[in-house]
Amino acid sequence: ISADGLPAAEGVPVLRPDAAADGPELPAGAHPLDPAYVIYTSGSTGRPKGVEVPRGAVAGLIEGLEATGALRAEPGVVGWNASISFDASVPQWSRICRGDTVLVIGEEHRADPARLAALLAEHAVTDFDLTPSHWELLREPFAGARVPRLFMGGEAVPERTWRELADGGIDALNLYGPTECTVEAVTAPISGPGPHLGEPMPDVRLYLLDEKLAPVPDGVVGELYLAGPGLAHGYVGRPGLTAERFVADPSGGPGARMYRTGDQARRGEGGRLEYVGRVDRQVKLRGYRVELGEVEHALAGLAGVRAAAVTVHEPAPGDRRLAGYVTGSVTAAELTERLRATVPAHLVPSVITVLDALPLTPNGKVDLAALPAPAAVEEGSPASAGGVAEQVAEVWSTVLGVTDVRPGDDFFSLGGHSIAALRVVHLLRRRLGIELQLRHLLDSADLAAFTATVERAVAAGTAAPRPALTARARVVGA
């Protein structure tokens with residue numbers, strides 16, 4: 001594409017090779033420590049903070065991915081799946097600099113698994129970045145088809161997903177790294193033993209430390225610290241928070257820093273680095289310190305469970321209890337019984353709710369704040385026994401995390417977005433066996449109008465049965 005064919009944005013000059021001598025000039029020289037971008041992230045505090053990342057760190061990210069084999073030597077076609085406001089987009093757009101082709105995926109494809117799978121095949125996409133939760137939506141459209149190399153991050157990979165990808169011969173990578181460390185810092189192929197983080201990329205130093213910043217022995221949970229040239233400068237305009245999270249690295253040279261990730265991990269069997277959970281998700285219940293991530297890991301490891309989330313609920317003032325949420329072909333009673341046989345009693349949730357899907361944030365992560373109240377969705381509810389109207393209302397309630405929906409309620413006024421709409425359509429397709437499209441929900445004025453559309457689809461007949469998940473061929477050259 002020629003620059004001459006591009007319109008100039010208002011107030012932004014278009015730079016052309018034949019620009020006059022008195023016209024805009026390209027920078028004479030950029031330093032690796034010059035800022036490349038600022039991305040705002042709320043983190044655990046909820047107050048947005050701008051993470052300033054230097055140019056050299058972005059270049060080092062691509063070099064590190066190449067050195068580990070995550071990026072092939074030959075040019076590829078990468079699907080730009082993440083929003084530009086999230087740091088997951090950085091490895092995608094920055095790959096233009098190494099000669100890769102970037103396919104920008106529009107929201108209309110990103111929100112429709114079947115259309116997205118067709119688009120990736122049409123453009124022969126070789127690399128695709130996504131969260132484990134997003135994979136759950138794509139696994140059916142990809143059944144029997146060629147799957148690009150998957151760059152999986154943003155969440156811990158569940159045991160079942162790891163096994164499915166590894167046993168299915170799918171070329172996939174598990175990537176870990178916070179925004180403050182330029183997106184990716186640790187990588188592992190999704191193969192062999194169960195979920196683990198892998199090893200740090202070149203120039204990344206990784207420490208597992210206790211509260212006194214002393215290394216923890218193998219098998220003991222510690223907090224993850226990362227160091228190296230990939231660290232961000234800090235938080236824009238917030239020197240106090242920068243000093244709190246970017247601390248001196250006692251193992252580095254003068255002025256070396258390391259970043260407190262707030263993530264907990266341990267060296268498990270064979271020295272494999274295993275993710276445990278967030279430091280800020282540690283709670284104290286009845287005198288016990290409980291890692292919610294540990295409980296989620298235990299639930300997700302049970303047969304029949306596809307995904308799990310755990311929160312704390314308070315049925316009465318001062319009475320704090322664990323609440324578990326799972327998806328899969330299971331019942332709450334059997335899960336509780338099996339969990340009691342594997343973990344201490346204080347780690348067993350007092351109530352487990354089986355959902356058709358966990359609510360997701362717009363960037364594809366599990367939205368813990370949107371989970372319904374534990375008593376809002378229980379086995380034997382209208383989800384399994386009621387009529388079409390009751391099932392549609394229950395699906396809205398599940399996906400949106402609200403306990404009561406009315407016929408005149410608007411989906412987006414209740415907090416819905418495109419990913420949530422996709423979940424609704426996906427769940428109703430599976431439950432009712434109908435042909436239903438995303439536009440049917442987007443074009444509906446309220447719950448009553450959408451319910452009428454679903455009822456007409458039910459009356460018209462059922463859809464084709466759900467395809468079985470089969471092994472996929474690897475991308476040529478993988």
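Glycine 177 counts as partly exposed, because its relative accessibility is 25%, a value between the 20% limit for buried and the 50% limit for exposed. The structure is a predicted model, and the loop that holds glycine 177 runs between β7 (172-176) and β8 (186-189). Leaving aside residues up to four places away in sequence, glycine 177 touches Val183, Glu184 and Ala185. Leucine 197 is 20 residues from glycine 177 in sequence, and the C-alpha atoms of the two are 9.8 Å apart in space.

Threonine 242 belongs to a helix, α7 (residues 239-245). With a relative accessible area of 15%, threonine 242 is buried, because buried means under 20%. Not counting residues up to four places away in sequence, threonine 242 touches His233, Gly234 and Tyr235.

Next come two residues picked out by their backbone angles. Most residues other than glycine have a negative phi. Alanine 124 has a positive phi, near 50°. The residue sits in the loop between α4 (113-122) and β5 (127-130). A relative accessibility of 34% makes alanine 124 partly exposed. Leucine 213 also has a positive phi, near 65°. Its place is the loop that joins β10 (205-209) and β11 (222-227). The relative accessible area of leucine 213 is 37%, so this residue is partly exposed.

Cysteine 97 is exposed, because its relative accessibility of 72% is over the 50% limit. Cysteine 181 has a relative accessibility of 7% and is therefore buried.

For the chain as a whole, the secondary structure amounts to 14 helices and 20 strands. The chain has 478 residues, and 48% of them are buried. Among contacts with a separation of 6 or more, 56% are between residues 24 or more positions apart.

Two packed helices are described by the angle between their axes and the distance between the axes.

Helix α11 (residues 388-400) and helix α14 (residues 447-460) have axes that come within 10 Å and cross at roughly 125°. The crossing of α11 past α14 is right-handed. On the α11 side, the residues that meet α14 are Val388, Ala389, Val392, Ala393 and Trp396, and their partners in α14 are Leu447, Phe450, Thr451, Val454, Glu455 and Val458. By class, the residues of this contact are nine nonpolar, one polar and one charged.

Helix α11 also packs against helix α12 (residues 418-432), at an angle of about 140° and with the axes 10 Å apart. This crossing is right-handed. From α11 the contact takes Val388, Gln391, Val392, Glu394, Val395, Trp396 and Val399, and from α12 it takes Ala420, Arg423, Val424, Leu427, Leu428, Arg431 and Leu432. The residues in the contact of α11 with α12 are 10 nonpolar, one polar and three charged. Val388, Val392 and Trp396 of α11 take part in the contact with α14 and in the contact with α12.

What angle do the axes of α12 and α14 make where they cross? The angle is roughly 35°, and the axes come within 12 Å. The passage of α12 across α14 is a right-handed crossing. Val424, Leu428 and Leu432 of α12 make the contact with Phe450, Val454 and Val458 of α14. The contact of α12 with α14 has six nonpolar residues, with no polar and no charged ones. Val424, Leu428 and Leu432 of α12 are also in the contact with α11, and Phe450, Val454 and Val458 of α14 likewise meet α11.

Key
Residues are numbered from 1 along each chain as its sequence is written. This is a predicted model: local features need pLDDT of at least 70, side-chain atom pairs count only at pLDDT 80 or more; totals for chains, interfaces and linings use all residues. Side-chain values use heavy atoms; hydrogens and water are left out. Buried means under 20% relative accessible area, exposed over 50%, partly exposed in between (1.4 Å probe, protein chains only). Helices (H or I, at least four residues) and strands (E, at least two) are DSSP runs, numbered from the N terminus. Axes are lines fitted to C-alpha atoms, for helices over the stretch in contact, and angles run from 0 to 180 degrees between N-to-C directions. A crossing is left-handed if the near helix is turned anticlockwise from the far one by less than a right angle, and right-handed if clockwise. Contact means heavy atoms within 4.5 Å. Ala, Val, Leu, Ile, Met, Phe, Trp, Tyr, Cys and Pro count as nonpolar, Asp, Glu, Lys and Arg as charged, and the others, Gly among them, as polar.
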